Amino acid sequence: MKEYIDELAGQIEAYSITNTATLEEFRIHFLGSKGVVKELFSSLKSVPNEEKKEMGRLLNDLKIKAETKLELFKEQLSSQEKTTERIDLSRPAEESAIGAHHPLSLVRNEIISIFSRIGYVVSEGPEIEDDWHNFSALNFPPEHPARDMQDTFFIEKGEKEMALRTHTSSVQVRVMENSTPPIRTISPGRVYRNEAISARAHCFFHQVEGLYIDKNVSFADLKQTLLYFAKEMFGEKAQIRLRPSYFPFTEPSAEVDVSCSICNAEGCNVCKYSGWLEILGCGMVDPNVLKACGIDPEVYTGFAFGMGVERIAQLKFKVSDLRLYSENDVRFLKQFTPGV
Ligand code: DAH
């Protein structure tokens with residue numbers, strides 16, 4: 001009998017199952033009411049008394065072995081089921097919740113894409129600037145009111161007084177200082193002004209600066225470039241008009257209006273019934289600026305322009321309150337999520 005028990009123990013050890021049917025076979029064969037273990041227990045009667053205790057113990061061990069194996073098989077099957085479930089290739093994909101681009105990012109990216117199609121590359125500069133890059137190199141006289149505490153946030157940085165840049169024109173200076181013409185670049189970025197926050201003004205906003213320097217660049221090139229931009233951004237019907245203006249870093253300078261896309265230039269409360277909306281400032285780079293940045297104004301000419309991203313976004317998305325852009329109200333942001 002002892003040999004038989006050993007043999008059965010070996011069988012249990014070597015047994016393997018593949019599914020619930022073979023699991024059931026194992027259970028019935030070893031542990032069922034007519035199974036081998038039960039049978040052995042009933043034949044214990046005919047074992048000589050002096051061996052009974054030893055045989056009883058061996059049989060108990062065998063029973064435990066079979067039960068343990070049964071539990072193991074059950075676990076094996078259920079974990080197998082779980083893995084099969086995870087790799088079910090026919091299962092429809094779960095929809096993943098994707099985030100959305102901020103409306104200002106959408107507009108900035110569109111501006112970049114429009115200018116990159118005519119050869120402009122993106123350049124960036126620091127938001128904490130020195131006086132030279134934000135003002136002096138751009139031909140701001142020392143007493144110019146734009147340097148006044150009213151407009152500029154000044155900060156102490158070690159010995160040096162620095163400022164939060166008030167416009168992205170500072171990046172023009174950095175690009176001209178560090179490269180040789182031809183230069184065709186746009187510089188998107190955040191700028192800061194010391195303004196009281198309201199629906200129409202904010203202490204930070206975003207601009208995209210443009211710069212083109214080469215031999216024989218003319219005001220006609222500037223005008224055509226801006227017309228191309230307006231049509232790409234606001235549609236084929238868009239028109240522009242240039243009004244003479246003043247900026248220290250350009251001569252001549254102009255402000256540019258685009259025909260109102262909200263009322264088709266017929267007149268509405270956004271364009272104040274004029275049919276035109278101001279979108280940017282521009283001009284031919286002042287020879288003093290070229291000189292300050294190491295470019296010979298006798299050889300090269302160029303134009304520059306600067307536009308407000310919020311302004312363009314306002315026209316595209318009809319958002320009238322600037323504060324909405326930085327409040328992160330999900331109800332506002334959701335409106336720009338595709339498919340929501
Ligand atoms: N920097 C000007 C501003 O902040 C915008 C601007 C005007 C940029 C004319 C230019 C330019 O490059 O030529 O309002």
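In this predicted model, H133 is found in helix α6, residues 131–134; helices (H or I, at least four residues) and strands (E, at least two) are DSSP runs numbered from the N terminus. Residues are numbered from 1 along each chain as its sequence is written, and side-chain values use heavy atoms, without hydrogens or water. Local features need pLDDT of at least 70 and side-chain atom pairs pLDDT 80 or more, while totals for chains, interfaces and linings use all residues.

H133 counts as buried because its relative accessibility is 8%, buried being under 20% relative accessible area with a 1.4 Å probe, protein chains only. Beyond its neighbours within four places in sequence, H133 is in contact (heavy atoms within 4.5 Å) with L138, S170, V173, R174 and E177.

The largest pocket has a volume of about 1500 Å³. A pocket is an open set of points on a 1 Å grid over the protein atoms alone, where a 1.4 Å probe fits, with protein on both sides within 12 Å along at least five of seven lines; lining residues have an atom within 4 Å of a point. The volume is the space filled by probe spheres set on the points, which are joined across faces, edges and corners. The lining of this largest pocket comprises 50 residues, with F205, E278, I279, G308 and R311 nearest its centre. Strand β9 gives the most to that lining, eight residues.

The second largest pocket holds about 290 Å³ of space. Of its 21 lining residues, L104, R190, F205, H206 and E310 are the closest to its centre. Here β6 gives the most, with five residues.

Conventions. Buried means under 20% relative accessible area, exposed over 50%, partly exposed in between (1.4 Å probe, protein chains only).
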